[in-house]
Amino acid sequence: MDYNIAGQRVIVTAASKGLGRAVAQEFVDQGATVVINSRSEENLEAAREHIEANVDGDGSVLIVPGDLSDPEVVIEVFDAAIDKLGGLDTLVTNHGGTTRRSFEKMTTELLDETYESVIKSTFLMVKKALPALKESDGGSITHIVSTSAREPPRNHIPSNILRLGIYGLSKSVSNEYGEYGVRSNCVGPRMVMTDRIASIFEDDAKRQGISVEEAKSQHVDSLPLSRVGDPQEFAEAVAFLSSDAASFITGTSLAIDGGWTNGAIL
Ligand SMILES: NC(=O)c1ccc[n+]([C@@H]2O[C@H](COP(=O)([O-])OP(=O)(O)OC[C@H]3O[C@@H](n4cnc5c(N)ncnc54)[C@H](OP(=O)(O)O)[C@@H]3O)[C@@H](O)[C@H]2O)c1
């Protein structure tokens with residue numbers, strides 16, 4: 001779907017694979033100039049090749065590698081990205097995910113590590129992006145978080161404790177920067193098919209001694225839509241939130257989860 005975002009200058013972090021790459025592809029297809037980031041330059045080059053090989057529009061893709069769990073690197077990556085783009089209209093924050101861990105086995109070391117890679121890095125990304133977004137004619141931030149941060153499942157303690165903070169960060173920024181036309185929203189994926197989800201099915205299958213298909217069914221059969229999501233479906237929702245079609249939507253969150261979130265009011 002065309003959301004009229006051609007010409008936007010966009011940063012998508014953690015975007016060499018999975019959801020981040022799909023979002024970058026969608027923006028490039030719609031004519032935006034997109035900087036993608038991840039730790040590995042090799043993965044980023046492969047992502048750029050993939051996006052350019054599949055492009056269905058006249059946008060372009062640039063790469064800025066860097067490990068966003070290191071605060072100094074976040075600053076370097078954002079300086080370089082905004083410089084390459086000559087400004088910024090849209091930021092999509094994403095990160096590499098959190099470790100699955102029960103409270104019983106949770107450690108203060110893992111708590112600190114998750115704080116650095118999830119909260120501190122997102123805080124710094126937003127700090128670096130806001131001056132440029134204020135200059136834009138309608139800047140937008142979309143945070144890729146997780147539906148599980150809103151309905152904390154067992155065995156996801158790092159995510160359950162820390163990802164929740166991104167919702168607070170996003171809401172606070174929407175309150176403070178609305179007067180500059182900057183919007184900030186969160187999206188919560190669940191069971192959108194990526195390498196990460198494939199490895200969750202494989203791990204569950206191994207742990208329980210069942211087939212990968214059976215493990216997949218355990219996750220998917222209870223979803224109202226009874227299927228996994230396609231990254232393209234996810235990316236279109238992010239493009240919508242970043243476009244003028246969503247110009248009165250800020251400070252909120254959207255679950256993109258096949259109906260997994262079990263609340264009448266989100
Ligand atoms: N897919 C879903 O349904 C789902 C559900 C709930 C939550 N999520 C969350 O959404 C996010 C993306 O998920 P995904 O399924 O797309 O995962 P994925 O396919 O594993 O992709 C993760 C991406 O993050 C990059 N990355 C990892 N660590 C990084 C770091 N320190 N700095 C910069 N980039 C980094 C990876 O590239 P490099 O290896 O090149 O760094 C890769 O491009 C994760 O936080 C995940 O927990 C996804």
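Predicted model: local features only at pLDDT ≥ 70, side-chain atom pairs only at ≥ 80, totals over all residues.

Apart from neighbours within four places in sequence, Val23 is in contact with Val12, Ala15, Val92, Ala235 and Val238.

Together with Val12, Ala24, Phe27, Val34, Ile36 and Ala129, Val23 has the most contacts inside the largest nonpolar core, which has 60 residues. In soluble globular proteins, nonpolar side chains tend to be buried together.

An open sheet is formed by seven strands, whose order is 3-2-1-4-5-6-7 and whose pairing is parallel. Strand 3 (60-63) and strand 7 (253-256) are the edge strands, each pairing on one side only. On average, and with direction ignored, neighbouring strands of this sheet are turned by 20 degrees against each other. Strands of a sheet pair through backbone hydrogen bonds, either parallel or antiparallel.

At the edge formed by strand 3, the partner is strand 2 (residues 33-36), and four bridges join the two in the parallel sense. Within this pairing, Val35 stands opposite Leu62 of strand 3.

Helices lie across the strands as well. Helix 2 (residues 41-54) lies across strand 2 and strand 3, and runs at about 180 degrees to strand 3. Helix 4 (residues 108-135) lies across strand 4 (90-93) and strand 5 (140-144), with a direction at about 175 degrees to strand 4.

Notes. Residues numbered from 1 in each chain as written. Pairing = 2+ DSSP bridges. Axes fitted to C-alpha atoms, helices over the stretch in contact; angles between N-to-C directions. Contact = placed C-beta atoms within 7 Å. Core = buried A, V, L, I, M, F, W, Y, C linked by C-beta atoms within 7 Å. Buried ≥ 20, exposed ≤ 12 C-beta atoms within 10 Å, placed from the backbone.
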